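Subject: Structure for your review

Dear colleague,

My notes on it follow directly after.

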Amino acid sequence: MLTAAALAFSPMIPQTVPAAPVTSTVSSFQSQNKAITPAQYQSMLGHGMDVDWSKTSEGRANYQPQTVIDFVEAGIKHVRIRVKDDLTPDVLASLDRQIDDCLSHGLIPVLAYQADAFKNDPSERNLEHVVAWWSTIAARYQDKSHALSFDLLIECTDALNQQPDRLNEMIERVTAAIRQTNPDRIIMMSPRLRSNPAYLSELQVPSQANGYLMTEWHFYAAGPSKTNEKKLWTPGTAAEKQLVLDQIQMALDWPAQTSIPTWVGAWIPGNYNDGDDYTLSEQMTFAAFLCDNLDAAGIPFAVNSDTKFYDRQSGQWVTAMEPLRDLIFSSSAN
């Protein structure tokens, strides 16, 4: 078990081997037609943010290319673009623009699918829909920069939580479908129970992973809690810090056994949707601890989400959140 003091120096933590530098320039991302290894991609992801640019009609309507520029200038290295809806012409046109804007400005786009119908009812019909959804995406973006990656499922929840074999079947079949057009693009799979790292060991490596596979996991995806013992932060006793470190260690055990790199697809510095009773100072203390220890472990992450930090209607950063944003995304933290 890791302690807060020992984490950065523990020999149990595999150190990320520096990859050949990949600069965040227009030419490097737009012309990145060579495969990127998972280890390289892990080192590129840095500190990022989940975004709702394509998750809702409101997000699509309010998206502006300036947002990408603002994110890059704030030090954000990647965005996890979450998609909820079927692939209508409007959704696809929106994705086209967002992906191109990201690549043009050196912001890594990770495309993630919500797949609510399959999570609620993991029937064959709904599984086939997920396969078809990703087949369409893969064919449409097969010639895009390899800086674009595919995150197969946004948190395993609902009925699918109780069917780990069905989750693995989905991963196997979707990966096979994507590989028909994208033989060496990074694909990301995640464990059940809201991408809990405790269940990483249940995942089965798809037969057509081709070596271009990562795992994505979550903790504190709905923020810390002042009452829930599983994610307690009140703020920052030794026991509460150990809760964080234990989950990071779970995530480190997986690549040590499989050589498959991981990253955190979502965490929140405050309980914004469940009381919102952490002060900014408390959020910054919690965020600093997570950032420092994820960085020490060589694990990149995305913060959930853009709507808490950026006013998409005005195209401006939320002033009250700027100190927290700067703590997480400043160049010194990346």
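How many aromatic pairs does the structure hold? There are 15 aromatic pairs in this model, which is a predicted one. One of them is formed by F71 and W317, whose rings are stacked at 5.3 Å centre to centre, with 25° between the planes. This pair links distant parts of the chain, since F71 belongs to helix α4 (residues 65-73) and W317 to strand β10 (residues 316-317), 246 residues apart.

Both partners are buried: F71 has a relative accessible area of 0%, and W317 counts as buried at 15% relative accessibility, because the cut-off for a buried residue is under 20%. Setting aside residues up to four places away in sequence, F71 touches M49, V51, W53, I76, V79, L107, D306, Y310 and W317. W317 also has a charged neighbour, as the charged end of R325 sits over its ring, 4.6 Å from the centre.

General composition

The protein has 334 residues, of which 53% are buried. Its secondary structure consists of 12 helices and 10 strands. Among contacts with a separation of 6 or more, 79% are between residues 24 or more positions apart.

In soluble globular proteins, nonpolar side chains tend to be buried together. The largest nonpolar core here contains 95 residues, and the members that touch the most others are Y41, W53, F71, W134, I137, F219 and W267. Helix α7 supplies the largest share of this core, with 7 residues.

Helix α7 covers residues 124-140. Its 17 residues reach 24 Å from the first C-alpha to the last, close to the 24 Å expected at 1.5 Å a residue. The buried residues of α7 are N126, L127, V130, V131, W133, W134, I137 and A138. Seen down the axis of α7, these buried residues fall within an arc of 155°, so they line one face of the helix. An α-helix has 3.6 residues a turn, so residues three or four places apart point the same way. The elements against which the buried residues of α7 pack are β2 (78-83), α5 (89-104), β3 (108-113), α6 (116-120), β4 (149-151) and α8 (164-179).

Helix α5, one of these packing partners, has 16 residues and reaches 22 Å between its first and last C-alpha, close to the expected 22 Å. The buried residues of α5 are V91, L92, S94, L95, Q98, I99, D101, C102 and L103. After α5 comes G106, which has a positive phi near 75°.

G298 follows α11 and has a positive phi near 75°.

Which residues form one aromatic cluster? The members are W217, F219, Y220, W233, W267, F286, F289 and F301.

W233 lies in the loop between β6 and α10. Is W233 buried or exposed? At 1% relative accessibility, W233 counts as buried. Leaving out residues up to four places away in sequence, W233 touches P224, S225, K226, E240, K241, V244, Y278, E282, T285, F286 and F289. The C-alpha atoms of W233 and V244 are separated by 9.7 Å, with the two residues 11 apart along the chain. Two of the residues touched by W233, K226 and Y278, also meet each other: the charged end of K226 sits over the ring of Y278, 4.7 Å from its centre.

Strand β8

A302 is found in strand β8 and is buried, with a relative accessible area of 0%. Apart from neighbours within four places in sequence, A302 is in contact with G48, M49, D50, H78, W263, V264, G265, A266 and W267. The C-alpha atoms of A302 and G265 are 5.1 Å apart, although 37 residues separate the two along the chain.

With kind regards

Key: Residues are numbered from 1 along each chain as its sequence is written. This is a predicted model: local features need pLDDT of at least 70, side-chain atom pairs count only at pLDDT 80 or more; totals for chains, interfaces and linings use all residues. Side-chain values use heavy atoms; hydrogens and water are left out. Helices (H or I, at least four residues) and strands (E, at least two) are DSSP runs, numbered from the N terminus. The expected span of a helix is 1.5 Å times one less than its number of residues. Buried means under 20% relative accessible area, exposed over 50%, partly exposed in between (1.4 Å probe, protein chains only). The arc is that of the directions from the helix axis to the C-beta atoms. Contact means heavy atoms within 4.5 Å. Rings of Phe, Tyr and Trp (its six-membered ring) pair if their centres lie within 6.5 Å; planes under 30 degrees apart count as stacked, over 60 as edge-to-face and the rest as tilted. A charge sits over a ring if NZ of Lys or CZ of Arg is within 6 Å of the ring centre and within 35 degrees of the ring normal. A nonpolar core is a set of buried Ala, Val, Leu, Ile, Met, Phe, Trp, Tyr and Cys residues joined through side-chain atoms within 4.5 Å.
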